Amino acid sequence: MLAEHSKSKKIFDNGFQIAKNADLASKIYGKENVINATLGIFYNDNEEMHTLDIVNNEYKNLSDKDLFNYSSSINGEELFIDAVKQYIFGKNHINILKNNFCEVIATPGGSGAIYNTFKNYINPGEVVLLPNYMWSSYKLMSKEVGGGYQTYSLFNKKGKFDLINFKNSVIELAKIQKNLVVVLNNPCHNPTGYTLSSYEIKSLMNILKEACTLCNIILINDIAYMDFNNKKNDLSVFYQNLPSNLLMMITFSMSKSFCCYGLRVGAQIAISSSKDTIDNFTDASLYTCRSVWSNISKGGMTLFSNIVLNRKKYRQLLLEQGYMKNMIKERSEIFLGEAAAVNLNILPYKSGFFITIPFSKGLEKEIELKLKNENIFAIIIPGGIRIAICSIPKHKVYNLAKKIKIAIS
Ligand code: PLP
């Protein structure tokens, strides 16, 4: 009975199934003997889902009205919108963005922000340009809005961002499409943990500016993992001297940075040098919000603005985020050090929730089984094992690289 366009819908993403297998193995063999490196959720060293005290306290102190009422507008609460700008660009955001127009729309998580952008900027039959290693939901979303996807290769032989391939991929599509939506997931890319250097971002922007002579460009930078970057985030290169037909879309998520995955709070931050482009963005985006999810959790937005706009609470948030960041750094250093010692090949990792071990495409099922036999559970992506280093307690990271090396050899 499905409508024609829905008949081929089936999710092949087996992440949640692998996570279930990990739980089952823990019951059979004992938790201590199982490595569960599946989901992008931060677990502490006792292997419990971590929460932040400042977030917990603030949420529990919200009034009934804040928790249960509708949001006062579809765009999102006014204070939330201010807080998002401040969180991403700093207190000086008005000056920083002064040569551009900028609008923020609240969305259910980063997922809502990305979906909303695909929905309104991919023409029927057009493809979105995705990195070859990617968060798999991008593919589902492109299909859901009637588009397709192509990929650019993320790394060159030197393990740096492949600017040549990126340029060729962009220009090839820019020649035949009216709009080209390009996705970048930076910093702390899922699934590799790569972060582009300032030089790489500058060069990427130059390529997109050149492509603007051929078609409209919409660059999505998915910053879901921005707070796990070991270096300072500098987004300024993304919005300097923007041609009028290059729309910058930053997609923000509270899920990882605030450890509130199920709260479903995020935002689209659209930046353009053209007022018309931003006005059109606002009209279309609000329409999609109203017609799909209406508005998002008022409590989630209030929680965010209460913390971000209060100096003391914000300072505590940074401290607590710093603790998570340090734990991930420690775990990843152990893993990478041991991987080097046993010659286990790793895709270039800088920081963040995930580390990827590449292998030849076609071996996915075999590798999954070999790891399962060793009670190691990780997400198998095309040509790679994604290790969620965010979810493995430190004591279980020791020897893991060696175990994987043996299991997959
Ligand atoms: N972007 C990336 C790369 C992700 O890995 C995720 C979640 O795993 C998201 C965006 C969206 O997260 P959410 O919809 O929970 O905000």
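1. Glu333 is partly exposed in this predicted model, because its relative accessible area is 48%, and a residue has to be over 50% to count as exposed. Glu333 belongs to helix α12, which covers residues 311–341. The C-alpha atom of Glu333 is separated by 9.8 Å from that of Val397, although the two residues are 64 residues apart along the chain.

2. Helix α12 also meets helix α11, which covers residues 298–308, and the axes of the two helices come within 6 Å and cross at roughly 100°. That angle falls in the range from 65 to 115 degrees, and α11 and α12 are therefore roughly perpendicular to each other. On the α11 side the contact is made by Asn306, Ile307 and Val308, while α12 contributes Lys313, Tyr314 and Leu317. Sorted by class, the residues of this contact are 4 nonpolar, 1 polar and 1 charged.

3. The largest nonpolar core has 136 residues, and the members that touch the most others are Ile88, Phe118, Ile269, Phe335, Ile385 and Ile404. At least three residues of this core come from domain 1 (4–52 + 313–408), and at least three come from domain 2 (61–310).

4. Phe118 deserves a look of its own in the viewer. Leaving aside residues up to four places away in sequence, Phe118 touches Val128, Leu130, Tyr138, Met141, Ser142, Val145, Val181, Val183 and Ile220.

Key
Residues are numbered from 1 along each chain as its sequence is written. This is a predicted model: local features need pLDDT of at least 70, side-chain atom pairs count only at pLDDT 80 or more; totals for chains, interfaces and linings use all residues. Side-chain values use heavy atoms; hydrogens and water are left out. A nonpolar core is a set of buried Ala, Val, Leu, Ile, Met, Phe, Trp, Tyr and Cys residues joined through side-chain atoms within 4.5 Å. Buried means under 20% relative accessible area, exposed over 50%, partly exposed in between (1.4 Å probe, protein chains only). Domain bounds come from an automatic or database domain assignment. Contact means heavy atoms within 4.5 Å. Helices (H or I, at least four residues) and strands (E, at least two) are DSSP runs, numbered from the N terminus. Axes are lines fitted to C-alpha atoms, for helices over the stretch in contact, and angles run from 0 to 180 degrees between N-to-C directions. Angles under 35 degrees count as roughly parallel, over 145 as roughly antiparallel, 65 to 115 as roughly perpendicular and the rest as oblique. Ala, Val, Leu, Ile, Met, Phe, Trp, Tyr, Cys and Pro count as nonpolar, Asp, Glu, Lys and Arg as charged, and the others, Gly among them, as polar.
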